[in-house]
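Here is a friendly briefing to read alongside the model. Please keep the viewer open as you go through the points.

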Amino acid sequence: MKFTPTQYQLMNVATGRMFDDRGWDLADPQGGDPSLVRAVYAQRSFTPRPELKGLYRYAEWMPVRRILKRSCAPVTYKSKGLARHLGLQNLYITFSGYNPRIGAKMRTCSFKETEAFSVCARMDRKEERVLVVQSAGNTARAFAQVCSDNEIPVVICVPQDNLHDLWFHKKLNRCVKLVAVPHGCDYYDAIILGEKLARNPRYFLEGGAKNVARRDGMGTTLLSFVEKTGRIPDAYFQAVGSGTGAIAAWENAERLAADGRFGENKMRVYVAQNRPFTLIHDSWKAQSRELSALDPEEGRRAAEVILAKVLANRKPPYSLAGGLFDVLCASGGDSFACSNDDIIYWLLQFRNLEGYDLLPAPCAAVAALATAVRDGTVRRDELIMLNCTGGGTLAAMAKGFVLKEPDLVLDPDLPEEAIIAAVDKLF
């Protein structure tokens with residue numbers, strides 16, 4: 001079917017200035033203090049479109065120009081097993097992963113698919129430049145699969161230590177190029193590599209948290225919840241590396257409150273991290289807008305140790321206007337930290353209670369919820385959203401898989417000219 005691009009403008013969160021999107025704006029072109037920009041949609045009421053498949057049922061609140069193949073939306077259901085175990089009356093789980101029994105069919109098993117289908121659909125069909133994506137693992141898998149299915153050229157920068165996350169059901173299209181940073185490097189090093197590459201006009205950065213399409217794709221988790229329950233939750237739980245998903249949920253809660261049919265936005269945002277990599281948690285507990293000091297080598301060592309490696313981000317959008325610090329302040333939220341042992345415990349418990357497996361990262365969110373119940377942070381009768389951002393890998397990989405080997409391994413400390421020349425040879 002013919003699709004009309006979604007109508008929207010962009011707003012500088014710090015100043016409120018509205019401006020038209022020139023196609024791929026990641027910040028206010030007039031500059032100013034560091035700030036996210038937010039999409040302001042022509043359609044002010046929440047209007048799902050059931051005639052559009054998968055994630056695009058929420059296209060009215062996604063900055064997209066087209067519809068891509070094979071998307072799936074998050075699935076929300078009322079918990080029985082975990083809710084009973086924790087003594088909660090109104091716990092709803094929003095799951096983004098693979099579990100056909102409940103209608104969840106994200107083949108890469110991660111809510112990063114919501115980002116990829118939104119970001120890539122924001123791109124013009126006639127775009128001649130090559131997209132550059134930096135990832136700790138799950139984002140790489142999602143963008144690789146979506147770009148492969150829809151023949152979108154992309155270079156994905158990822159740590160070599162995280163290549164085990166790059167599994168797929170079949171060989172990818174040649175338009176997908178994987179460039180790894182060497183063993184011992186982390187996500188921040190992958191970010192540096194991608195930034196150097198994108199200084200060449202042939203390439204352009206996806207943009208991470210600054211990309212409104214990424215955030216509004218991730219924000220469909222809250223739309224799924226509200227479509228199921230009819231109102232904005234009292235409490236929202238999610239594990240975070242960058243915090244982008246939590247920011248996205250808050251932005252959509254604001255839109256839903258402005259709609260007026262789903263209650264006021266009194267949603268408290270609770271985020272979780274995996275010890276010993278707790279940069280966001282430590283910064284928030286210090287009540288500091290500035291991120292706590294983190295030695296690069298200490299950060300790399302901590303990233304190697306944690307089970308939920310996708311939660312290791314040394315450059316999260318925490319301090320800037322509209323970032324995670326502002327969200328936690330505005331929502332009256334908080335941060336939690338859990339150990340590797342906690343993650344293993346809740347991985348096993350969740351499978352017993354809900355009947356399917358989670359990835360390590362969302363197990364941190366489950367651990368945070370359990371702690372919040374135990375210490376009275378949430379009431380047992382509150383409407384709670386648990387954002388389980390990935391799972392079902394055992395079932396998905398049982399269908400068979402292949403690992404994607406890197407096309408190149410490059411040191412991020414190389415001069416940008418050398419990086420660009422090496423990547424150019426892949427095309």
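Cysteine 175 sits in the loop that links β10 (167-168) to β11. Keep in mind that this is a predicted model.

**Cysteine 175**

- Is cysteine 175 buried or exposed? Its relative accessibility is 12%, so cysteine 175 counts as buried, the cut-off for that class being under 20%.
- Beyond residues up to four places away in sequence, cysteine 175 touches Cys147, Ser148, Glu151, Ile152, Pro153, Val154 and Phe427.
- For a sense of distance, cysteine 175 and arginine 379 are separated by 204 residues in sequence and by 50 Å in space, taken from C-alpha to C-alpha.

**Arginine 107**

- The loop between β7 (104-105) and α2 (112-122) holds arginine 107.
- Which residues does arginine 107 contact, leaving aside its neighbours within four places in sequence? They are Arg70, Glu113, Gln145, Asp149, Trp167, His169 and Ala396.
- Serine 96 lies 11 residues from arginine 107 in sequence, and their C-alpha atoms are 9.9 Å apart.

**Helix α14 and its buried side**

- Helix α14 runs over residues 416-424, and its buried residues are Ile419, Ile420, Ala422 and Val423.
- These four residues are on the same side of α14, because they cover an arc of only 165° around the axis.
- What do the buried residues of α14 pack against? Their partners are the strands β9 (154-159), β11 (176-181), β12 (203-205) and β18 (408-409), together with helix α4 (187-197).

- Helix α6 (residues 220-229) packs against α7 at an angle of about 45°, and the two axes are 8 Å apart.
- With that angle, α6 and α7 are oblique to each other.
- On the α6 side the contact is made by Thr220, Leu222, Leu223 and Val226, which meet Ala249, Asn252, Ala253 and Leu256 of α7. Sorted by class, this contact of α6 with α7 has 6 nonpolar, 2 polar and no charged residues.
- The axes of α7 (residues 244-259) and helix α10 (residues 324-331) come within 9 Å of each other and cross at roughly 50°.
- The crossing in which α7 passes α10 is left-handed.
- Here α7 contributes Ala246, Ile247 and Trp250, while α10 contributes Leu324, Val327, Ala330 and Ser331. By class, the contact of α7 with α10 has 6 nonpolar residues, 1 polar residue and no charged ones.

**Helices α11 and α12**

- How do the axes of helix α11 (residues 340-354) and helix α12 (residues 360-374) cross? They come within 8 Å and cross at roughly 90°.
- The two helices α11 and α12 are therefore roughly perpendicular to each other, as angles of 65 to 115 degrees fall in that class.
- From α11, the residues Asp342, Ile343, Trp346, Leu347 and Phe350 meet Pro360, Cys363, Ala364, Val366, Ala367 and Ala370 in α12. By class, the contact of α11 with α12 has 10 nonpolar, no polar and 1 charged residues. Asp342 is the charged member, since Asp counts as charged.

Conventions. Residues numbered from 1 in each chain as written. Predicted model: local features only at pLDDT ≥ 70, side-chain atom pairs only at ≥ 80, totals over all residues. Heavy atoms only, no water. Buried < 20%, exposed > 50% of the residue type's maximum accessible area, 1.4 Å probe, protein only. Arc of directions from axis to C-beta. Contact = heavy atoms within 4.5 Å. Axes fitted to C-alpha atoms, helices over the stretch in contact; angles between N-to-C directions. Left-handed = near helix turned anticlockwise from the far one by under 90°. Parallel < 35°, antiparallel > 145°, perpendicular 65-115°, else oblique.
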